[in-house]
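I opened this notebook to keep a record of what I looked up, one topic at a time.

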Amino acid sequence: MRCQWLCEYSLSTDDEERLEQFFGEIQRESNLFLGYPCNGIFDYSPLLKFLQYPINNVGDPYLPSNYHLNTHAFECEVLEIFQDLTQAPPGSTWGYITNGGTEGNHYGLFLARELMPDGIVYYSQDAHYSIDKVLRCLGLHSIMIRSQADGSMDLEDLRETLRIHRDVPAIVCATIGTTMKGAVDDIAGIQAIFRDLALKRHYLHADAALGGMILPFIDHPPPWNFAAGIDSIAISGHKMIGSPIPCGVVLAKKTHVDRIAQSVEYIGTLDTTLSGSRNGLTPLFLWYALHTIGVDGFKRIVPNCLHMADYAIAQLNGLERNAWRHPYSNIVVFDRPSPVVTQRWQLACNGTLTHLIAMPHVVKEQVDQLIADIQALEPQPESSISEIPVCETVLGGTNEEITLVGSAEDHLLTQVSTALASAGISIEDFTAVKAAGGSIIHMRVNDRERALQILNEHLDIGRCYGQSRPFSNEEATQILTQVNYHTVSQDALLVKLVDKPGALAELMKNVANMTLPFAVYVWFGADQGVP
Ligand SMILES: Cc1ncc(COP(=O)(O)O)c(C=O)c1O
């Protein structure tokens with residue numbers, strides 16, 4: 001590409017390669033994307049042509065503006081669909097397309113503060129971390145309410161706290177699908193408390209980042225929307241709908257919004273939104289998705305996500321992982337596995353728990369692979385050594401080598417091989433010396449720098465030696481003695497494996513829990529047969 005002043009817009013070969021490599025990484029990682037609520041399946045390629053214009057939705061989407069390169073008309077159509085989904089009475093709400101759930105929460109609580117500057121915000125322990133940040137930005141007084149074990153707001157604690165502060169306007173920020181456990185706060189119960197305590201001045205914001213695109217599509221959802229008396233709601237667009245650029249929708253009662261509108265001559269419209277310049281492409285994406293998939297499409301997609309969540313629960317509970325979900329949520333909560341697994345599958349953790357989120361891109365094969373990875377790192381029943389094919393060994397290589405020393409409790413071989421397999425790094429030569437007191441691994445990999453990075457990030461390895469050749473048994477014995485481990489036996493087991501990432505991890509699954517009183521030599525060949 002060339003601009004009118006003849007500047008060349010082209011990349012150097014190195015930069016081109018860097019982008020290609022990065023693209024490969026993104027492709028690889030997207031196959032291992034089970035822990036976050038972002039749908040990875042979408043195709044907005046028919047909209048690519050709009051990328052060549054400085055489209056900007058600055059200003060109020062419902063009003064004309066001097067900046068004509070905007071998608072306000074599409075934005076308003078998207079908002080209309082969300083007004084239907086949230087059961088807003090026609091003409092009663094205003095909104096705009098945000099940068100995501102966080103901005104929607106910011107907007108909702110901003111409105112609340114403008115209406116009730118002396119109010120106190122009540123939100124639960126399980127509310128998203130964005131709420132805490134927004135409250136600090138807005139300088140609002142707040143009180144955190146206890147959560148129940150299932151992740152929902154404890155209404156007894158809310159009632160008691162509101163009772164003590166009856167003289168102050170109450171701003172409740174309810175979560176419609178908590179981040180970790182997918183719980184929906186009891187909106188009807190909160191309204192009942194307002195009534196019981198005769199609290200006249202109150203505001204109810206609903207953070208429905210994920211739940212706002214799930215509850216409209218399931219049978220008998222709990223109360224959650226304008227029909228249940230909320231004042232504003234934030235929903236993420238890049239979560240269930242899916243988008244390469246984060247986005248969301250905020251809707252609020254029009255009567256509240258009118259209080260903060262200000263006219264700005266520079267843009268020739270009302271400044272009703274939080275951001276000035278606003279993304280003009282995301283309204284197009286959402287419009288496109290809602291017009292191609294449609295509400296009927298989501299009525300099929302969402303229940304299927306819940307079925308996939310049930311499949312994951314059944315598989316995880318086969319490993320006694322205490323997996324469960326709320327009936328209205330695609331978030332599967334289960335016992336936190338080892339760091340190698342949570343890193344590989346991008347699983348967000350909280351204390352002893354983690355979760356898998358069955359978004360539309362999640363398939364059974366991925367769930368099965370996750371299960372296999374968890375199994376690989378769990379104690380396995382003892383299997384007979386004679387099942388492993390014994391053959392000759394070929395060791396060698398002079399560069400790209402790494403030597404690791406760990407304790408016997410580390411399951412060092414399993415951890416190393418699984419971590420490298422998950423990063424797509426191939427182990428080309430490998431020697432492991434394992435004794436009752438510790439183990440040494442010497443290996444040659446196809447990408448030493450990345451392998452070291454992965455190992456340092458994911459594993460707590462006692463020591464890393466930079467020697468460029470395998471250790472002899474004497475050296476291994478010496479090192480293990482230095483780090484207080486027992487001596488190593490002279491016996492050896494020779495194993496031949498298929499030369500591909502993950503082959504060693506598979507072997508280690510079988511021998512993970514054995515204390516081998518001898519050295520293991522592994523040869524990676526083109527096939528599995530013994531030569
Ligand atoms: C309940 C809840 N609220 C808000 C957010 C923030 O949304 P976003 O990442 O779109 O800003 C999230 C994100 O996961 C969430 O789960």
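**Entry 1: a residue in a strand.** I began with H205, which, leaving out residues up to four places away in sequence, touches G104, N105, G108, L109, V172, C173, A174, S232, I233 and A234, where contact means heavy atoms within 4.5 Å. I then found H205 in strand β5; strands (E, at least two residues) and helices (H or I, at least four) are DSSP runs, numbered from the N terminus. H205 has a relative accessible area of 0% and is therefore buried, a word that stands for under 20% relative accessible area, with exposed meaning over 50% and partly exposed in between (1.4 Å probe, protein chains only).

**Entry 2: what kind of model this is.** I noted that this is a predicted model, in which local features need pLDDT of at least 70 and side-chain atom pairs count only at pLDDT 80 or more, while totals for chains, interfaces and linings use all residues. Residues are numbered from 1 along each chain as its sequence is written, and side-chain values use heavy atoms, with hydrogens and water left out.

**Entry 3: the sheet.** I asked myself in what order the strands of the open sheet lie. The 7 strands follow the order β1-β7-β6-β5-β4-β2-β3, and their pairing is mixed; two strands pair if DSSP finds at least two bridges between them. At the edges I found β1 (93-98) and β3 (141-145), each of which pairs on one side only. From one strand to the next, the twist averages 15°. As a reminder to myself, strands of a sheet pair through backbone hydrogen bonds, either parallel or antiparallel. For strand β4 (residues 170-175) and strand β5 (residues 202-207) the sense is parallel, over 6 bridges, and I saw that I171 stands opposite Y203 in β5.

I also looked for a helix against these strands, and found that helix α4 (residues 129-138) lies across β2 (120-124), β3, β4 and β5, running at about 165° to β2. Such angles run from 0 to 180 degrees between N-to-C directions, and the axes are lines fitted to C-alpha atoms, for helices over the stretch in contact.

**Entry 4: two residues in a loop.** I turned to the loop between β5 and β6, where I found L215, and where N225 has its place too, with β6 covering 232-236. Is N225 buried or exposed? Its relative accessibility is 3%, so N225 counts as buried. Apart from neighbours within four places in sequence, N225 is in contact with L85, T86, Q87 and I230. N225 and Q83 are 142 residues apart in sequence, yet their C-alpha atoms are 9.9 Å apart in space.

L215 is buried as well, with a relative accessible area of 2%. Not counting residues up to four places away in sequence, L215 touches I176, V184, P221, P222, W224 and Y328. From L215 to T86 I noted 129 residues in sequence and 9.3 Å in space, C-alpha to C-alpha.

**Entry 5: pairs of helices.** Two packed helices are described by the angle between their axes and the distance between the axes. Helix α5 (residues 155-164) and helix α6 (residues 187-196) pack at about 25°, with axes 10 Å apart, and are therefore roughly parallel; that term covers angles under 35 degrees, whereas over 145 is roughly antiparallel, 65 to 115 roughly perpendicular and the rest oblique. Their contact is made by L155, L158, R159 and L162 of α5 with G189, I190, I193, F194 and D196 of α6.

What angle do the axes of helix α9 (residues 281-292) and α10 make where they cross? They cross at roughly 75° and come within 5 Å, so α9 and α10 are roughly perpendicular to each other. On the α9 side I listed A289, L290, H291 and T292, and on the α10 side G294, V295 and F298.

Finally, the axes of helix α10 (residues 294-318) and helix α12 (residues 364-376) cross at roughly 20° and come within 10 Å, which makes α10 roughly parallel to α12. The residues in contact are M308, Y311, A312, Q315 and L316 of α10 and K364, V367, D368, I371 and I374 of α12.
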